[in-house]
Amino acid sequence: MDVVWENRALLWIGLKYTFKLFAVVVVLGTVLGTLFGIGLLYGNKVIRAVLRAYVDVLRGIPLIVTIFLVFYGPVAYGVDLSPFQSIVMALSVFSAAHMAEIVRGGISSIPAGQMDAAKSLGLTFRQRILGVIMPQAAPIMMGPWTNLAVDIFKSTSLAILVSQADFLFSVQKRATAKGHYMEFYIAAIIVYFTCCFVISRAGAWATRRMRVGIAS
Amino acid sequence: MADTKVAGTHHQLGSTMVQIQNVHKYYGSLHVLRGVDLDVRSGEVVCVIGPSGSGKTTLLRCINFLETYQEGRILVDGDLVGYRDRNGKLVPARESEIARVRAETAMVFQQFNLFPHMTALRNVTFGPTKVRGVSKAIAEKRGLELLDRVGLSDKAKSYPNQLSGGQQQRVAIARALAMEPKVMLFDEVTSALDPELVGEVLAVMRDLAERERVTMIVVTHEMQFAREVADRVVFMDDGVIVEEGPAANLISNPQSDRLRSFLSRFADSGHLTRSQGADQLSAKS
């Protein structure tokens with residue numbers, strides 16, 4: 001593995017790109033997906049229909065198709081997204097669709113009486129969602145959300161197709177240059193697995209903490 | 001005024017607090033409220049009785065606009081509930097307006113519906129701080145007083161799942177009171193309780209009615225409570241008010257066949273057989 005270690009600086013550049021991509025997509029996907037999930041439940045007929053179609057389509061096509069569409073599609077219309085922007089957008093709309101379903105499911109599992117009680121106090125919609133519904137739905141959504149985060153981390157490797165700057169690309173480039181494919185890909189496996197394992201453990205820990213907090 | 005001591009006339013009643021005018025409610029093609037008219041005056045305690053499916057809970061939920069009604073009007077202290085009057089035509093009110101009117105009424109639910117992620121005290125202070133803009137310190141002082149009034153000052157830091165059903169329901173009453181509502185709505189609040197816990201909740205309600213002169217609309221199966229505490233009892237069946245009047249009169253001397261047959265189903269002691277309440281609970285859980 002010495003050959004891998006000697007190339008660590010270049011690999012680290014790729015890994016930093018992957019971390020950055022992951023962080024941006026998790027935030028965007030979570031925020032957008034939460035709004036979409038709330039819209040799926042409480043929006044008017046038109047909003048619900050549009051979001052339903054969005055969620056079903058995005059979840060029903062291969063992610064790689066979404067990535068190519070976002071990367072190559074807009075060029076014809078004079079919109080030139082950078083590789084980073086393209087992959088962020090593709091992964092974000094993908095994860096937002098999954099997040100919307102997680103949020104919809106989480107909120108649906110809260111008894112209807114909670115919303116009734118919150119309404120009867122005269123709380124506004126925003127106060128009901130933020131103060132009453134979400135704190136109860138969060139521990140329920142935490143498990144699926146952690147799985148989504150792991151999926152997103154693995155999916156960042158698809159950036160190799162369009163941006164040629166992520167960790168997997170740097171691994172591949174070094175492997176080709178040095179001819180030590182086995183060593184470099186084993187290193188990739190170790191890094192990807194470790195990151196996903198940490199995300200998954202952190203999620204499980206947070207879930208337990210939240211369940212204690214809610215005391216039920 | 002020979003009957004001044006009879007339950008039903010022991011309150012000094014004020015102006016009209018709730019006006020329900022020809023209210024109709026449909027679930028799809030199902031016509032669940034078929035033109036209900038009812039006025040409740042300030043300080044009055046009105047018990048609504050009737051068989052399940054008669055529309056009594058739906059009526060209560062309409063007053064709090066947890067259900068929309070399609071025709072007629074409901075006014076709480078002059079404020080139209082859920083709608084705005086545009087030249088005599090009703091148009092849906094804005095969300096903020098609905099919330100403002102809802103805050104004037106407070107509801108206590110069959111299933112308590114306490115917020116499980118908040119302590120008993122936070123359940124009580126949440127509404128005042130968020131809706132009324134009361135400072136946390138003042139809300140907590142007042143919240144502790146209210147918990148004390150329902151006999152739970154030692155449970156302020158407990159979470160709902162650490163409390164018995166009766167205790168949870170008393171916290172729920174304190175939560176409703178904290179909003180200083182103009183009307184309190186009680187929706188079969190003892191139906192989900194174990195029999196031995198019913199008394200403590202009814203005692204709190206009786207205290208509110210008799211000492212605090214809170215305006216109350218109480219949907220209930222507790223006939224004895226209705227007879228002793230209510231100023232007026234309203235009997236609903238099939239989406240309409242069939243009969244109403246002073247509690248003792250109505251219960252001991254029903255005029256309609258429907259009310260007679262309804263009352264005959266009650267056991268000796270004056271409330272529904274407990275198995276019925278237990279069935280409802282298990283069906284929901």
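Q: Read along the sequence, what pattern does chain A follow?
A: Chain A of this predicted model runs α-α-α-α-α-α-α-α-α, with 9 helices and 0 strands, where helices (H or I, at least four residues) and strands (E, at least two) are DSSP runs numbered from the N terminus. Residues are numbered from 1 along each chain as its sequence is written, and chains are lettered from A and ligands numbered from 1 in the order in which they are written. Local features need pLDDT of at least 70, side-chain atom pairs count only at pLDDT 80 or more, totals for chains, interfaces and linings use all residues, and side-chain values use heavy atoms, with hydrogens and water left out.

Q: What box do the C-alpha atoms of chain A fill?
A: Taken along the principal axes, the box is roughly 70 × 45 × 25 Å.

Q: At what angle do α5(A) and α7(A) pack?
A: Helix α5 (residues 83-108) of chain A and helix α7 (residues 125-155) of chain A pack at about 150°, with their axes 9 Å apart; axes are lines fitted to C-alpha atoms, for helices over the stretch in contact, and angles run from 0 to 180 degrees between N-to-C directions. α5(A) is therefore roughly antiparallel to α7(A), given that angles under 35 degrees count as roughly parallel, over 145 as roughly antiparallel, 65 to 115 as roughly perpendicular and the rest as oblique.

Q: And which residues make that contact?
A: Among them are Leu91(A), His98(A) and Ile102(A) of α5(A), and Met134(A), Trp145(A) and Leu148(A) of α7(A), contact meaning heavy atoms within 4.5 Å. By class the contact of α5(A) with α7(A) has 14 nonpolar, 4 polar and no charged residues, where Ala, Val, Leu, Ile, Met, Phe, Trp, Tyr, Cys and Pro count as nonpolar, Asp, Glu, Lys and Arg as charged, and the others, Gly among them, as polar.

Q: Switching to α2(A) and α3(A), how do their axes cross?
A: The axes of α2(A) and helix α3 (residues 45-60) of chain A come within 8 Å and cross at roughly 130°, which means that α2(A) is oblique to α3(A).

Q: Who meets whom there, then?
A: Phe36(A), Gly39(A), Leu40(A) and Leu41(A) in α2(A) meet residues in α3(A) including Ile47(A), Arg48(A) and Tyr54(A). The residues of this contact of α2(A) with α3(A) divide into 7 nonpolar, 1 polar and 2 charged.

Q: Which helix gives the most to the lining of the second largest pocket?
A: That is α2(A), with 4 residues, while α1 (2-6), α2 (8-42) and α9 (181-214) of chain A each supply at least two. By class, this lining has 10 nonpolar, no polar and 1 charged residues. A pocket, on a 1 Å grid over the protein atoms alone with a 1.4 Å probe, is an open set of points with protein on both sides within 12 Å along at least five of seven lines, and lining residues have an atom within 4 Å of a point.
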